[in-house]
Amino acid sequence: MLKEKMVEALNLQLNREIYSAYLYLAMSAHCSYKGLTGFANWFKVQYGEEIEHAEKFYSYLIEQGARVELEAIEKPPMKFGEPLEMFEKTLGHEQFITRSIKDLLELAVVEKDYATSIFLQWFIKEQVEEEANDNEIIAKLKLAGEDGAGLLVVDSELGKRGH
Ligand code: FEO
């Protein structure tokens, strides 16, 4: 059985994962509007991944017989600037999520909640991968610079990201 403090923290993370999905869906819409279909695809796939993350927290709470409390989801921004700025914002958001997961793990360790510590291992690894992906795309966008053709090459590559 999970302690109340842990149930609250896991529900907060569930909300943060859903907000992440919402944020990336807004970014996908922004890219579609700008005609950047590859970028739009990448963010749409990322939206789906965040929903999966949220569902992992949801299922874990249910499995532990704990309360699931769905809170309101904050409205994401509408404007994001150019692709490089978007990915810098994405990286910043993922760094926030990484800190949030680490705080959760610290709480689990302090509370001697071994089951939750094991459950969170997957997210620790996932965050390393997410930040690495963002850094790789930022590096490519910096190489492309102001060059429209370079941007289209990156757009075409991101269009290949599958579900
Ligand atoms: Fe669910 Fe992008 O971390």
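**Pockets, a cavity and a helix pair**

Q: Into which classes do the residues lining the largest pocket divide?
A: The lining of the largest pocket in this predicted model comprises five nonpolar, two polar and four charged residues.

Q: What is the make-up of the second largest pocket by class?
A: Its lining has eight charged residues, three nonpolar and one polar. Glu counts as charged, and Glu 49, Glu 126, Glu 129, Glu 130, Glu 136 and Glu 157 are among the lining residues, together with Lys 140 and Arg 161. Trp, Ile and Leu count as nonpolar; Trp 42, Ile 137 and Leu 158 belong to the lining.

Q: Which helix provides the largest share of the lining of the second largest pocket?
A: H4 does, with seven residues. H2 (37-63), H4 and H5 each supply at least two. The volume of the second largest pocket is about 170 Å³.

Q: Why is a space called a cavity rather than a pocket?
A: In a cavity a 1.4 Å probe fits but cannot get out, whereas a pocket is an open set. A search of the whole structure finds one cavity of 30 Å³ or more, and the largest cavity has a volume of about 40 Å³.

Q: What lines the largest cavity?
A: Its lining consists of Tyr 24, Trp 42, Gln 46, Thr 90, Glu 94, Glu 130, Asn 133 and Asp 134. By class, two are nonpolar, three polar and three charged. H2, H3 and H4 each contribute at least two residues, and H4 gives the most, with three.

Q: Why is H1 called roughly antiparallel to H3?
A: The axes of H1 (residues 4-33) and H3 (residues 83-110) cross at roughly 170° and come within 11 Å. Angles over 145 degrees count as roughly antiparallel, so H1 is roughly antiparallel to H3. Their contact has 15 nonpolar, six polar and five charged residues.

How values were computed. Residues are numbered from 1 along each chain as its sequence is written. This is a predicted model: local features need pLDDT of at least 70, side-chain atom pairs count only at pLDDT 80 or more; totals for chains, interfaces and linings use all residues. Side-chain values use heavy atoms; hydrogens and water are left out. Axes are lines fitted to C-alpha atoms, for helices over the stretch in contact, and angles run from 0 to 180 degrees between N-to-C directions. Helices (H or I, at least four residues) and strands (E, at least two) are DSSP runs, numbered from the N terminus. Angles under 35 degrees count as roughly parallel, over 145 as roughly antiparallel, 65 to 115 as roughly perpendicular and the rest as oblique. On a 1 Å grid over the protein atoms alone, a cavity is a set of points where a 1.4 Å probe fits but cannot get out, and a pocket is an open set with protein on both sides within 12 Å along at least five of seven lines; lining residues have an atom within 4 Å of a point. Grid points are joined across faces, edges and corners, and a volume is the space filled by probe spheres set on the points.
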